[in-house]
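Thanks for coming, everyone. Please take a look at the sequence and the structure on the screen, and then I will talk you through a few parts of them.

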Amino acid sequence: MKAVAEWFRQTVFQDEVIRPRPARRPERLPRLLREARSLESRSVEYWQSRSTVFLHQAKLLADYEDDYVFSGRVQYYYPTYQALNDQELRGYFSWRTKLRRGELLETSLSFAFLYIYELINQIGAADPMDGYRKLQDFKDAYGRINNAVLPYLDQWLVDYVVYYGLDPALLAGAPQVLFDQSIAVLEHSGAEPLDRVAAAVKQLAPKWLGRSKFYADHGPDMDAVTARVLARMTEHCAARCKKSLTEQYFGSPGRYQVRPFEAAVFCDPLKRRNYEYAVDEYCVYRCEKGIWSVEKRSRAPETGAKLESLVKTIDAEMRQALGYRYPVKAGLDTKWVLRIIHEEIESLLAERRAAEEKKIVIDYAQLKRIRQDASITQEKLIVEEEMDLPEEPAPAPALQPEGPSDIPLSPAELRLLQCLLYGGDTGWVQAEGHLLSVLVDGVNEKLYDTFLDSVLDDAPQVLEDYIDDLKEMIRP
């Protein structure tokens with residue numbers, strides 16, 4: 001060690017140049033990709049928009065294939081070829097090559113959207129109809145792998161049909177078309193078949209019908225009353241109101257500015273300037289001097305609220321008329337509407353009674369039993385004088401249920417609900433070792449089938465909509 005230390009003291013150290021490692025030679029791009037990259041540098045010298053460069057590159061690379069092995073993940077918003085580095089670019093075309101050969105692999109969303117952008121700009125499509133089929137196939141297949149593409153493709157497929165002027169029948173299942181068709185059915189509800197009116201109501205006001213226990217038990221009767229009520233309300237509004245029933249419930253058609261293929265890299269390959277496309281008589285797209293608009297009824301989230309209230313009111317009144325076990329509050333209090341509802345409910349019930357009275361039912365099993373009983377009676381009459389028959393014991397009286405046995409609550413849950421309904425003290429909950437939150441959850445869970453909703457909030461307090469109903473069920 002001393003020798004080593006002496007060597008360090010006697011040695012004079014000087015700066016030395018550290019030779020850099022030779023740079024790794026970048027992979028050389030295939031010729032066609034180099035040509036596509038050159039278009040990017042030209043766009044700087046002769047200014048071109050990002051979408052224009054994308055379209056030129058896409059046309060050049062429309063038939064390009066690659067077999068590059070790429071395992072990275074790519075994340076770009078509004079991806080174009082220009083945004084990808086060389087390895088990512090080759091990775092995309094290798095994935096697209098497999099896709100076109102029928103091998104669909106999960107990949108980065110950026111690659112998926114880049115493929116969609118190509119098709120909406122007619123890259124890789126023989127004609128607009130071929131492009132539509134490929135977009136639809138990709139939506140069905142890749143949507144099962146990653147559903148993040150579905151909200152965009154749902155709208156872009158509508159834009160595609162409109163922009164390229166394809167058959168409107170392709171949009172038969174589009175939400176706006178179903179919405180317009182359902183409103184048209186309501187406008188002529190008096191002349192439409194019952195099943196079409198019922199389907200239209202479910203399309204426009206699905207919330208209450210989807211959760212109503214009464215509707216699940218009495219759907220056909222409620223459909224019949226709803227259709228009759230709507231027909232009479234339509235006639236009333238046409239005769240006495242400035243606006244039709246559908247205008248009052250869903251508003252009048254309006255004109256809205258739109259942009260085809262919103263949130264996509266779209267290059268407007270047809271350069272539309274003056275163009276009109278009618279999806280149906282209720283929805284018309286127009287392009288005037290390159291500015292797009294659509295005339296339609298709005299499908300805002302609150303659109304079906306008025307029809308939902310009407311349906312709930314019909315439900316509530318029918319429950320009362322039929323003595324249904326679980327009543328609900330009506331959504332409307334308009335007198336002329338309530339009068340129509342009451343009349344149509346009574347009319348339906350009268351029809352049901354008349355139909356029951358006309359029925360003649362022959363139960364052959366009962367006839368056989370009657371014959372057997374008659375034979376036994378005949379034998380008894382014959383031997384009546386020769387034997388004393390013992391008296392048959394009287395049937396035991398039926399037991400009557402006691403207390404609120406139909407309320408599926410534990411004693412503690414029932415006691416808590418009584419305290420909250422009638423202003424009682426809930427200090428006993430903690431004193432008896434209960435958890436308030438557990439009791440509240442138990443009440444809400446066990447009464448959900450009855451009210452299709454929670455009856456207690458986190459406070460806890462009884463929700464105002466259910467106070468009267470609960471007091472009818474639970475006494476202090």
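Let me begin with a question: does H236 count as buried or exposed? H236 counts as buried, because its relative accessibility is 17%, and buried here means under 20% relative accessible area, exposed over 50% and partly exposed in between, with a 1.4 Å probe and protein chains only. Before I go on, please keep in mind that this is a predicted model, in which local features need pLDDT of at least 70 and side-chain atom pairs count only at pLDDT 80 or more, while totals for chains, interfaces and linings use all residues. Residues are numbered from 1 along each chain as its sequence is written, and side-chain values use heavy atoms, with hydrogens and water left out.

H236 sits in helix 11, residues 213-240, where helices (H or I, at least four residues) and strands (E, at least two) are DSSP runs numbered from the N terminus. Leaving aside residues up to four places away in sequence, H236 touches C241 and W336, and contact means heavy atoms within 4.5 Å.

Now to V328, which is found in the loop between helix 13 (305-322) and helix 14 (335-358). V328 counts as partly exposed, because its relative accessibility is 22%. Again not counting residues up to four places away in sequence, V328 touches W208, D315, A316, R319 and D469. E317 is 11 residues from V328 along the chain, and their C-alpha atoms are separated by 8.7 Å.

For the protein as a whole, there are 20 helices and 4 strands, and of its 476 residues, 38% count as buried. If we take the contacts with a separation of 6 or more, residues 24 or more positions apart account for 65% of them.

Finally, the largest pocket. A pocket is found on a 1 Å grid over the protein atoms alone, as an open set of points where a 1.4 Å probe fits, with protein on both sides within 12 Å along at least five of seven lines, and lining residues have an atom within 4 Å of a point. The largest pocket is lined by 22 residues, and Q155, V158, D159, Y285 and K296 lie nearest its centre. Which helix gives the most to the lining of the largest pocket? Helix 7 does, with 6 residues, and helix 7 (150-163), helix 8 (175-187), strand 3 (283-288) and strand 4 (291-296) each supply at least two.
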